[in-house]
Amino acid sequence: MSGATPCRPTAADDTATAAGNRLGAETSPYLLQHRDNPVHWQAWSEAAFAAARAADKPILLSVGYAACHWCHVMAHECFENPEIAGLMNALFINIKVDREERPDVDSIYQAALALLGEHGGWPLTMFLTPDAEPFWGGTYFPPAPRYGRPGFPQVLHAVAEIYAKDKGRIEKNTTALKDALGRLSENLSGGDIPVSALDEVARRLVSEIDPVDGGIGSAPKFPQPAILKLFWRAWKRHGDPDLRHAVELTMTRMAQGGIYDHLGGGFARYATDSRWLVPHFEKMLYDNAQLLELLTWLWQDTGNPLYQQRARETVAWVQREMIADADGSGTSPSGAFAATLDADSEGEEGKFYVWSEGEIDELLSEEAALFKAHYDVTPHGNWEGKTILNRSAEPQLADAETEARLAACREILLSARARRIRPGWDDKVLADWNGLMIAALAEAAPVFGESDWLTAAETAFAFVRDTMQRDGRLHHSWRHGTLKHPATLDDYANMAAAALALHEATGEADYLTQAEAWVEVLDRHYWDAENGGYFLTADDTPDLILRTKTAYDSAVPAGNGTVLGVLARLFYLTGKPAYRERADALTNAFSGELTRNVFPLASFLNSAELLASATQVVIVGRRGDAATDALLAAVTKTCLPNRVLQVIAPGEALPAGHPAAGKGQAVGPDNAARATAYVCHGPACSLPITGPDALAEALAAGKATA
């Protein structure tokens, strides 16, 4: 664990004051939502901490995000209330943080809240000393006592009084919390992770699957794509039908449930019930990226048209609604992907998405009865008197003619819905979330034969690479021409993974070179030389009380888990031993965590399998040549989570240690060289393969023969 110096003012902050709401100059849509509050909000900055020290006031830190329903509720009830705002201004220096812009800040104080014995979430409400050290906190507070929670004014008075009259108690709390936070970043090291350990984890976790509706546990239910990938990988290793069933059940129930937007495409963040009926209506780029990858795998292995349909609809939603503006005009797309769609419109959660029976009858006329029967539309609705469209009762697709009629109905309703007041759109570009979607599109594009998906992935990648870097260093967030905040581990890890996905999809060497450059930055500025593993923040990121480090997934894959996969791929693609050495060191740094809590380790474990058991596929030929492309098509039809693909021209050399090094094209009966594939596991490769059917068979068999 590495500490950081408490915040200190710089010369540029000397003239800063705490007076007035200072969010109007920010670019985050979430912060801008609060620019008209009577609260004297400031962004996270040295100026805010300087003001707190000058006034000897505690800091009230409020963390949320633009699509967060309960953040809106607390804002309307408390932050827009002049009396409560007056209390906040009199007693505290008030700092507002967008957790998507500053995941580094959010991670520290969410961990602090957990150490206080409270459940985390947003809005996060933390109380800090002027040196940013936490001493108490919570999440949502109502304006008056209810839900078993104290009223926010009571909290404000009590905290301010303790801070003013009992500094000893404050110091005791801050010391204990900071020490405990430091211990949380002390990774538990171990040795290698055998594949048998992955099987054991999968068997343990699959017992948590709801046998009726899928998903982990009961309400609320989150998609948990990394765990579903862990199950799918384990099923592919040893064929346990329970693991396959768990994934198919969960994805089918989600794909036909209310958590999925049946008109516009895309999945909401989670369901508030156990049946996937009632979503928390916000849509996040990161969820849909991870689910797109999983849908692609399931389509490859099952051929179930439902998974193909949901994948195509989700990408259509991304391309239609999630391309960020370059300048806020709405007419100048940047090519990069926006962050979120809000849960609320017109101040009501889900209003944009729900329907009454009367609306359906009026819009669909003679087709209304068919649509209502399939989408659970009833006179009294299924949620607060309205209907959330779903097909949970009959999750299997109907016959082709019926599906075509239902598709026409959906188009009519989608057009009608477009005339409603839309939910808020957070169009900031986040490097880490873009990396997730770029990689998912790069993988899905050849599977579904959609070259425009690959073009979209390349366009977004180029934007992040060219616009969100300064002097070789990535930044985390961009909006309307303004680049902000130092990059996190997740930014580099996800964008490096995206670069490698594009390298495999296109064969372009520049993507491989860029991935190597980003890993070099990680090694220089993020690696913990003492205990191993990568910190979330760089060694030169300012304004933080400590540097966190974890291999645990949250709603997004852990950066240490993703970068383990990046290092593994770089080793197999380049043959450079330094990547294998660093991957082994990273594995050892966190493998001891298996004895503590396996549930959030799925991404790390999935990458550990790639490191241990890569399937290296080499095609000797030229892209664009019919025979080479036929072999490539056979590869992309097969779900191979541990695949590392290289296409090399005849005469081009592989790295010296590659098991297929020195192997070339086979010669046909006419003595002409033919595009040739080799499938390698460990040090052994298959015999030369020239036919796509034979290659598909070899990939399915998963065994090297010579």
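Q: Which residue forms a salt bridge with E450, and how far apart are the closest N and O atoms?

A: A salt bridge is a side-chain nitrogen of Lys or Arg within 4 Å of a carboxyl oxygen of Asp or Glu. Here E450 forms one with R312, the closest N and O atoms being 2.5 Å apart. E450 lies in the loop between α16 and α17 (451-467), and R312 in helix α12 (residues 305-321), so the pair ties together parts that are 138 residues apart in sequence. Helices (H or I, at least four residues) and strands (E, at least two) are DSSP runs, numbered from the N terminus. This is a predicted model, in which local features need pLDDT of at least 70 and side-chain atom pairs count only at pLDDT 80 or more, while totals for chains, interfaces and linings use all residues. Residues are numbered from 1 along each chain as its sequence is written, and side-chain values use heavy atoms, with hydrogens and water left out.

Q: Is D528 buried or exposed?

A: Buried means under 20% relative accessible area, exposed over 50%, and partly exposed in between (1.4 Å probe, protein chains only). D528 is buried, with a relative accessible area of 5%. D528 forms a salt bridge with K549, with the closest N and O atoms 2.6 Å apart, and K549 also counts as buried, at 4% relative accessibility. By contrast, E450 is partly exposed at 22%, and R312 is partly exposed at 28%.

Q: How many salt bridges does the count come to?

A: The count comes to 42 salt bridges. Another of these pairs is R102 with D104, whose closest N and O atoms are 3.0 Å apart.

Q: In what order do the 4 strands of the open sheet stand?

A: Two strands pair if DSSP finds at least two bridges between them. In this model the order is β7-β8-β11-β14, with antiparallel pairing. The edge strands, β7 (268-271) and β14 (425-426), each pair on one side only. Strand β8 (residues 279-284) is joined to β11 (residues 340-341) by 2 bridges, and M284 has T340 as its bridge partner in β11. Helix α11 (residues 285-302) packs on the sheet, touching β7 and β8. Contact means heavy atoms within 4.5 Å.

Q: Which residues touch the most other members of the largest nonpolar core?

A: A nonpolar core is a set of buried Ala, Val, Leu, Ile, Met, Phe, Trp, Tyr and Cys residues joined through side-chain atoms within 4.5 Å. The largest core has 164 residues, of which F152, F231 and M251 touch the most other members. Helix α16 (residues 431-448) gives the most to this core, with 13 residues.

Technical notes: Axes are lines fitted to C-alpha atoms, for helices over the stretch in contact, and angles run from 0 to 180 degrees between N-to-C directions.
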